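Here are a few notes to read with the model open. They start at the contact between the chains and end at one residue.

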Amino acid sequence: MQRPCIHLRAKRVISLNGLESGSRGALWLRNMDSETTALSSIGVLIEAVGRGSQVALKRLYELESRRLYGIALRIVQRPEVAADVMQEAFVQVWQNAAAFSADRGAGAAWLTGIVRFRAIDAVRKAGREILTDDPALGDAALEPDVIEKIDALAEAAAMKRCLKLLDDEQRRSIVLAFVDGLSHSEIAERLKAPLGSVKSWIRRGLLALRRCLQS
Amino acid sequence: MIPQNPDDLHVLAGEFVLGVLDEPDAREVAEALATNIELHRAVTFWEEHLHPLSVLVSPALPPAGTWEAIEARIAKPAPPPVAPRFWENVVPWRWSTAGFAVAAAGLALWILLMPAPEPSLVAVLHPPQQDQPSWIATAGRSGVVVRAVTAATPPNDRAFELWAIAPGATRPRSLGVIPASGELRLGTVPPDLRDGATLAISIEPPGGSPTQQPTGPVVFVGSVKPV
């Protein structure tokens, strides 16, 4: 009877009415270690969505849409495209939530992944010329603000500590790729560096980050 | 080629999560995720560790009407017929490609050409977090047929096992190990396999899970719907 206990405890945290209906089959997708996995309310909501609850999806939208839309807008730069990305992403959440399991990672990270992939897909299909050719967008100004904000990261002590160990180019390349959704060649263009150097910065940066994060 | 070397594998996974890979490489990683456990772990590692960087981006209010548009698209009433719905919903996950479209077209054709009697239930299984159709299951009076859409092989010394979770059930029930041919047939439809059930495929020891419950990771999942 361990599983229902986890579920009840988690439900109490978010005290949502009307979520409980239908199959609870998705619960077994978690492995036995899930007892020790901290359940966030986001993860619980995604599991409720996986059982077919539209109420849970709406709540998820209310809680997460500003954060996720910010991510999408940063990558695609155009509000109408970012709104489409949000639609595609939430429809995908609706369809795939049954496969979400807490042991695969935090709910918020799962949502971020879906939105980023959708946004990068949209921007690569549409081309990015409109964005990089527009001096009003201030390519140079976009980037330092994010790099500087790393210091203010409260949520990610380990990541912050490890990012500091990287060379400046490695750090900038990785952050630009993640935050702005830039490809290798777009980063090369942005940093005015050879493509081969950018690939190598990212490779060495990822290896150094991994060593640091695992230590 | 997905590298075996742990460093190369981790770099590839990190590049995949960052989104810097070009389309063919990204597609190769996405396809390998379902069967390559090490790659799967590495991608999860990067998803979780890079996620905190997303707080560097300022939140913004989505345009009015965004939720309503989502709500309209997931509305339950009047489910469209299976074939159009397939086209409509299975927007290939990240790097939508002609390859997926061809697979889907073949699938639709295959459904149409199914021998009589017509199947009454269908499930399209895809890797968790992806829309790429990987297996199709049909059930009807002639029994159950589960077939791989794209060639999928379990890791060495492992087998794919199919599970059904009935609506409202808390435990999955095994429908059997999928033969190496990539096709599983059952003469009768198990009671758990009905409208609203979930089908899943996990990676298990060669003869199937020794515990009557899944022991390995779930690599494909899909909902059972009426045709």
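**Notes on the A–B interface and one serine**

1. Three salt bridges turn up across the interface of chain A and chain B by the rule used here. Bear in mind that this is a predicted model. One salt bridge to look at joins the side chains of Arg203(A) and Asp8(B), at 2.7 Å from N to O.

2. On polar contacts, the count across the interface of chain A and chain B is 13 residue pairs, with both partners at pLDDT 80 or more. As for who supplies chain A's side, at least two residues each come from α3 (54–76), α4 (79–96), α5 (107–126), α7 (139–149), α8 (157–165), α9 (168–180), α10 (184–191) and α11 (195–214). The most come from α3(A), which puts in 12 residues. By type, the side of chain A that touches chain B splits into 38 nonpolar, 16 polar and 17 charged residues.

3. How many residues does each chain bring to the contact? Chain A brings 71 residues and chain B brings 66 residues. About 6,500 Å² is buried between chain A and chain B, and carbon and sulfur atoms give 65% of that area.

4. Now for a residue in chain B: Ser202(B) sits in strand β7, residues 198–204. Is Ser202(B) buried or exposed? Its relative accessibility is 0%, so Ser202(B) counts as buried, the cut-off being under 20%.

5. The Ser202(B) side chain has a polar contact, at 2.8 Å, with the side chain of Trp163(B). Leaving out residues up to four places away in sequence, Ser202(B) touches several others, among them Ala159(B), Phe160(B), Glu161(B), Pro214(B) and Val218(B).

Definitions and conventions
Residues numbered from 1 in each chain as written. Chains lettered and ligands numbered in written order. Predicted model: local features only at pLDDT ≥ 70, side-chain atom pairs only at ≥ 80, totals over all residues. Heavy atoms only, no water. Contact = heavy atoms within 4.5 Å. Buried area = accessible area lost by both parts, 1.4 Å probe. Salt bridge = Lys/Arg side-chain N within 4 Å of Asp/Glu carboxyl O. Polar contact = N/O pair within 3.5 Å; in protein donor to acceptor, adjacent residues only side chain to side chain. Helix = DSSP H or I, 4+ residues; strand = E, 2+ residues; numbered from the N terminus. Nonpolar A, V, L, I, M, F, W, Y, C, P; charged D, E, K, R; others polar. Buried < 20%, exposed > 50% of the residue type's maximum accessible area, 1.4 Å probe, protein only.
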